[in-house]
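Hello! Here is the structure I promised to pass on to you. Have a look at it first, and then read my notes below.

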Amino acid sequence: MGSIQLDHLTKRFGETVAVEDVTLDIADSEFLVLVGPSGCGKSTTLRMLAGLETPTAGDLYIAGEHMNYRVPQNRDIAMVFQDYALYPHMTIHENVRFGLEEEAGYTDSEMDERVEEVAETLGIDDLLDRKPGELSGGQQQRVALGRAIVRDPEVFLMDEPLANLDAKLRAKMRTELQRLQADLDVTTVYVTHNQTEAMTMGDRIAVLNDGQLQQVGEPLELYHEPANQFVAGFIGEPMMNFLHGNRADAGFVGEHIEYPFDERLERAVDGVDDLVLGVRPEAVDVRRADESSAPNLGPHEFEMTVSVTETHGDQNILSLTHAAESVDHDVLRAVTDGMHIVKPGEPVTVAIDPETIHVFDGKTGKTICNRRIETARELTI
Ligand code: ATP
């Protein structure tokens, strides 16, 4: 079936190494999201899978067959791009049917039948007589999908297929695509630079940076157990807070914060001097400071001031600055419950539980230790 193996795959364009020694196994029926910042090599990887680029080194297998030099038509794949590339002079029916025309073994009436079947699955059956220019962006996107799935390929390759849609439609199409992929049970490689799409859609996520594979794992694994500071910063919105500093007798000493280590952290950082502490914004516990009495702070509590409040309705995102310093020095960002109004300038007490702290090697960026997580809890409503 449609499993995919990338075995030490490299692609160079002259001096540029677009993809460097990437090894990755994608299971049959899996939805794998390839994510990373602009220029990290996502599209080049996908284009090698599609047969639009030839690898410089390494091997590529689809369904166990060596693919390096096989032409796209013989790979049993279907691609959907950001730019839907529909033919404007053809009707929607003809556009979808076009996906089948190069396939052998279909009679005309079988092709029409198949088009109608796919159109129904995608909810575009009432649009088949229109031209692409008469469709909305979301409808055009569905037609492009229809053209891809009509052939019933072994593998779907999608390159930012939702990038041209507005935020609401993108969210809707995300769900639709997931459902469609699960129904069709087709191995899918989905490229995006958008970490929300990666987190919400992927069975697993592969994070690329500078052509190199940083980590592959399930969404929550990447979120809670990032392999390095790059993955920790890339996955999660608002992003993880990073505090740069050094090891000291009492624990960590940074530019803005001193943070005593507990036994777990103490053991983990043994022998490393240059440190980066990471803490997710939702792990920063913010309480209104009691101004009537002198603060009685615990070792992991700090006096801070709110510098900016971003109101999202369901939550607030607060930028926090050290109480003693000028307001332009934000130290942390925190997510708080949207039902509580917090105004800029308010003094707050911030607590950071040592269990929630990630530590990275300041020199290499590698993870020294990740936060502790309880065993996932069952959903109880
Ligand atoms: P984006 O999200 O911006 O599309 P990407 O992660 O898909 O980026 P690629 O398009 O794969 O990145 O490009 C990876 C690197 O390879 C970039 O540095 C890019 O400039 C380079 N590159 C890609 N295609 C070519 C080409 N045909 N010739 C030369 N360099 C190329």
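Let's start with helix H4: eleven of its 13 residues are buried, so the rest of the structure largely encloses it. Buried means under 20% relative accessible area with a 1.4 Å probe, protein chains only, and helices are DSSP runs of H or I with at least four residues, strands runs of E with at least two, numbered from the N terminus. Among the buried residues of H4 are Gln 140, Arg 142 and Leu 145. The cover over them includes strand E6 (77–81) and helix H5 (167–184).

Before going on, please note that this is a predicted model, where local features need pLDDT of at least 70, side-chain atom pairs count only at pLDDT 80 or more, and totals for chains, interfaces and linings use all residues. Residues are numbered from 1 along each chain as its sequence is written, and side-chain values use heavy atoms, with hydrogens and water left out.

Now for the domains. An automatic or database domain assignment gives domain 1 (4–233) and domain 2 (238–369). Their C-alpha centres lie 39 Å apart. Nine residues of domain 1 are in contact (heavy atoms within 4.5 Å) with twelve residues of domain 2.

How many salt bridges cross the interface of domain 1 and domain 2? The rule, a side-chain nitrogen of Lys or Arg within 4 Å of a carboxyl oxygen of Asp or Glu, finds zero there. On the side of domain 1 that touches domain 2, helix H7 (219–224) and helix H8 (229–234) each supply at least two residues.

Happy exploring!

Notes:
Buried means under 20% relative accessible area, exposed over 50%, partly exposed in between (1.4 Å probe, protein chains only).
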